[in-house]
Structure formats: structure tokens, C-alpha cells
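Biologist: I've got a structure open and I'd like to walk through it with you. Shall we take it one question at a time?

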Amino acid sequence: RGVVGDVRGTAVAMWTTSHCSGWRRPVLFRNPGDGNRRKWTMRFCVACLLGSLMISAIIFAWGDAARKSNTGRPGRKVQVVDQKLYLLDPHAPLRSKPDGAMQFLSIGDQGTGGFDQMRVADGMTKVAQRHNLSFVLGLGDNFYDRGIFDEDDPMFQQRFEYMYNIPELESLPWYMSLGDHDHRRNVSAQVKHNSKASNWHMDGQYYTVQKTLACGKKLHVVVTDSVLLEGGVYEEGLDRRFMRDYKESQSGKELGLQHWKWLRNTLANLSNGQDWLIVVGHRPALSRCQRKVSPLDVIFRNKMRKLLEGNSVDLYMNGHDHTAQILHKNRIHYIVNGIGGHNLHKLQENSPEALYKNASFHGFALHSVDCNSMTIMFCNGDGMEQGKRVIVKRLSS
């Protein structure tokens with residue numbers, strides 16, 4: 001057979017020639033139809049195996065060289081956690097806290113277990129090595145796509161403990177909130193996980209956290225359950241996301257009304273006009289993301305903004321919309337931070353309340369707060385700054 005008779009592709013045809021010429025293409029590249037198909041397949045598999053071994057040897061050699069040289073910087077260590085390589089540099093310069101500010105991270109919509117969550121975890125590690133952090137705020141959707149079954153679900157290890165198993169992160173308290181994907185199964189299991197992991201903190205579906213700043217003032221964080229609050233304003237006939245998966249015992253009407261009452265009383269008690277007051281939820285109270293907003297969403301957002309504006313709340317932080325936004329309306333700042341690992345959403349072009357908006361990267365936010373101001377800096381998966389804004393504390397008598 002000649003080149004003209006071979007129709008199996010250019011790569012094979014280039015090796016084809018006449019038997020009369022006394023030269024035949026190498027055995028490995030023979031047409032599967034020539035001779036025994038099983039032998040050809042076996043030879044191909046052996047070649048692939050040898051190639052994989054060669055690549056593995058090259059990677060190992062590179063890693064060994066990195067451990068020995070580490071770009072010439074002494075004291076640099078390599079730590080492998082869950083098949084991820086981290087370069088831990090004890091000589092990396094730590095930025096001092098500005099004017100004694102308290103620093104913490106926030107992340108939302110991270111629980112995919114995929115590459116983007118891993119990359120964001122790497123970026124958080126780099127930032128944690130350079131800042132003296134106090135805690136981390138989780139803004140919900142901790143476990144995609146349908147939450148967890150119980151407190152021993154392996155996703156706790158796969159998507160939280162192993163994902164952030166770095167000393168600078170695992171030593172911090174993580175104050176977690178619930179998202180709509182978490183509500184699709186067992187939210188009480190996430191609450192019960194408090195007893196399983198020292199850094200996982202969820203004292204209930206909603207709770208408060210108090211920190212003391214260097215100047216003596218307080219930082220109050222009110223963690224809410226947006227899905228449960230949504231249940232409190234739900235009316236028959238309204239469209240509700242994931243309604244078939246929700247449980248009355250976790251997000252029903254009666255419990256939702258109790259949550260609204262608790263939130264009103266809590267904000268009233270903490271609103272002294274001097275201390276910082278932050279409300280955390282998963283669903284946005286204000287956002288300029290291009291995604292469907294249902295009538296129930298509108299009811300929830302309007303009621304939440306009215307409650308925030310009626311108290312001395314400084315900012316509301318949420319996930320859900322997979323974008324990075326800093327907005328300002330009626331003296332309240334709204335931080336949308338849903339870029340922790342899931343697919344990104346698009347932003348509206350017209351955003352009059354937006355001080356900052358971006359939907360081009362996965363990442364997290366670094367917060368530095370003192371008595372008079374809070375700096376919010378969004379970082380990408382490389383730990384690099386993508387945008388920053390300063391919020392000045394408004395004092396009231």
C-alpha cells in the first residue's frame with residue numbers, strides 16, 4: 001500500500017511507504033489494521049507509561065532542586081499538603097499592622113473543592129504569611145453543590161481542613177455563615193462541627209462575635225442566616241430558590257420570624273454609634289450583579305436595608321453573587337465577596353452606588369480596621385492586590 005491508499009491521517013501517512021522500497025515505518029507507528037491490533041495497543045500503552053515515568057522523574061528532580069536551592073534564599077522550607085506545594089519562607093517580611101489595626105480575611109462561595117478554591121487558598125496563605133491576622137469570616141456556600149449529610153461528612157476534610165491546612169490559616173478562628181447551597185441538606189451538621197474542628201466556629205445558624213481593638217473600642221460582627229431570614233418573609237405563591245430542598249425545621253416561616261426579631265433586638269442593643277458594627281449574611285442586601293432577582297429577593301433586600309439604616313450599622317458583608325464589589329448607599333457600605341472558588345458572574349454596567357467592582361478574578365478580601373477607619377483590599381489567587389477602598393467610621397451620639 002502507498003500513501004494514497006492510507007486514509008488514517010497525516011501523521012500515519014507520513015510514515016507509509018511501499019514494501020518494494022525495502023523500508024517500512026517503525027513498528028510503534030504502524031496502522032492498527034496492520035498485523036495484530038492487540039500488540040499495537042500494548043506497545044502504545046507501554047510507550048505512554050514510559051513517557052509518564054520520564055515526566056515524573058523531571059518533576060521530582062525539579063522539586064528536589066527547589067528544596068535544595070530555593071532560589072538561593074536560606075531557611076526556605078517546602079511543605080506538601082494534600083498534593084499542593086507551598087513555599088514557606090520564615091524570612092518573608094511581615095507588614096506590621098497599621099496603627100495597631102486588627103486584620104482579618106473574608107471569603108465567600110468557596111466550597112467547590114476545585115482548582116480555583118485551591119488557588120485562592122494559596123493566595124490566602126501568602127497574605128497570612130505577611131500579615132498578623134486575627135480571624136477569618138466565611139460568607140456562606142461552604143459546600144457545593146448540595147451541602148453535607150452529617151458532621152462526619154468527608155467534605156469537611158476535603159474542602160475545609162485539608163484545603164486550608166497551613167499553620168497561618170488553621171490557627172485562626174473561622175467564623176462561618178450558611179448559604180443557600182448549604183441549606184440544601186443538613187445545616188445543623190455544620191453547627192455541630194464546632195466540636196470536631198478547633199478552627200471551625202458556627203455557634204448556631206446565627207450568632208454574634210465581639211473583638212476588642214487596640215484603642216479599646218469594640219468590633220461587633222453579627223452573623224445571620226440569609227436563607228432563614230428569607231423564610232421569614234416568604235409568602236405563598238412566591239418563587240423561592242431551592243425550595244424543594246429546604247426544610248421547615250431549618251428555614252421555615254416561624255423560625256424565620258424569630259430570626260428577624262433576634263436581629264432587630266441585637267442591632268438595637270449594639271448600636272451605640274461608637275463601636276464598629278458589621279452584619280454578615282450570604283444573600284446581598286445591595287448588589288449590581290447580572291443575575292436573576294426574584295420578587296422574594298426584592299422583599300428581603302428592602303427589609304434588610306431598612307433595618308440596617310435604622311441602626312448604627314457600618315457595613316453589610318455577603319457572598320452569593322460571585323463578584324467583588326464595594327457599594328455605598330444611605331451611609332451604609334455593602335461588601336459583596338463571592339469570589340472564593342465558584343464560577344464568576346457578570347456585573348451590571350450602570351452601578352451608581354459602586355465604589356469598586358470587579359468580576360475577573362477569584363480571591364478574597366483583607367480587612368484592616370482601627371478606631372477610625374477600615375481598609376478593604378481584594379486579593380487574587382496569587383495574593384496580589386486587585387482593588388482597595390478605605391471606609392471612614394461615622395460616629396454618632
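Biologist: Which residues form one aromatic cluster here?

Modeller: Keep in mind that this is a predicted model. With that said, 13 aromatic pairs are counted in it. One aromatic cluster is formed by F143, F156, F160, Y164, W174 and W200.

Biologist: Let's zoom in on F156 and W200. What kind of pair do their rings make?

Modeller: Ring planes over 60 degrees apart count as edge-to-face. For F156 and W200 the centres are 5.4 Å apart and the planes sit at 90°, so the pair is edge-to-face.

Biologist: And how many residues apart are F156 and W200?

Modeller: This pair links distant parts of the chain. F156 belongs to helix α4 (residues 155-161), while W200 belongs to strand β6 (residues 200-201). F156 and W200 are both buried, too. As for the gap between F156 and W200, that's 44 residues.

Biologist: Now Y164 and W174. Are the rings stacked, tilted or edge-to-face?

Modeller: Under 30 degrees would be stacked and over 60 edge-to-face, with the rest counting as tilted. The centres of the Y164 and W174 rings are 4.7 Å apart and the planes are at 40°, so this pair is tilted.

Biologist: Where do Y164 and W174 lie, and how far apart are those parts in sequence?

Modeller: Both residues are buried, Y164 as well as W174. Y164 is in the loop between α4 and α5 (167-170), and W174 is in strand β5 (residues 174-176), so their pairing ties together parts separated in sequence by ten residues.

Biologist: Which residue lies over the face of W260?

Modeller: There are two lysines to look at here, and each lies over a tryptophan ring. K393 is over the face of W276, at 5.5 Å from the ring centre. Over the face of W260, at 4.6 Å from the ring centre, you'll find K303.

Biologist: What about α7 with α10: how many charged residues are in the contact?

Modeller: α7 and helix α10 (residues 295-309) pack at about 105° with axes 10 Å apart, which makes α7 roughly perpendicular to α10. S226, L229, E230 and V233 of α7 meet L296, D297, I299, F300, K303 and M304 of α10. Six residues of this contact are nonpolar and one is polar, and the charged count is three.

Biologist: Time for the backbone. Which two residues does a cis peptide bond join?

Modeller: Most peptide bonds are trans. Here, though, there is a cis one with omega about 0°. The residues joined are Y144 and D145.

Biologist: Last one: is D109 buried or exposed?

Modeller: D109 sits in the loop between β3 (102-107) and α3 (115-130), and its phi is positive, near 60°. Being buried takes a relative accessible area under 20%. With 0% relative accessibility, D109 counts as buried.

Key. Residues numbered from 1 in each chain as written. Predicted model: local features only at pLDDT ≥ 70, side-chain atom pairs only at ≥ 80, totals over all residues. Heavy atoms only, no water. Phe/Tyr/Trp six-rings, centres within 6.5 Å; stacked < 30°, edge-to-face > 60°. Helix = DSSP H or I, 4+ residues; strand = E, 2+ residues; numbered from the N terminus. Buried < 20%, exposed > 50% of the residue type's maximum accessible area, 1.4 Å probe, protein only. Lys NZ or Arg CZ within 6 Å of the ring centre and 35° of its normal. Axes fitted to C-alpha atoms, helices over the stretch in contact; angles between N-to-C directions. Parallel < 35°, antiparallel > 145°, perpendicular 65-115°, else oblique. Contact = heavy atoms within 4.5 Å. Nonpolar A, V, L, I, M, F, W, Y, C, P; charged D, E, K, R; others polar.
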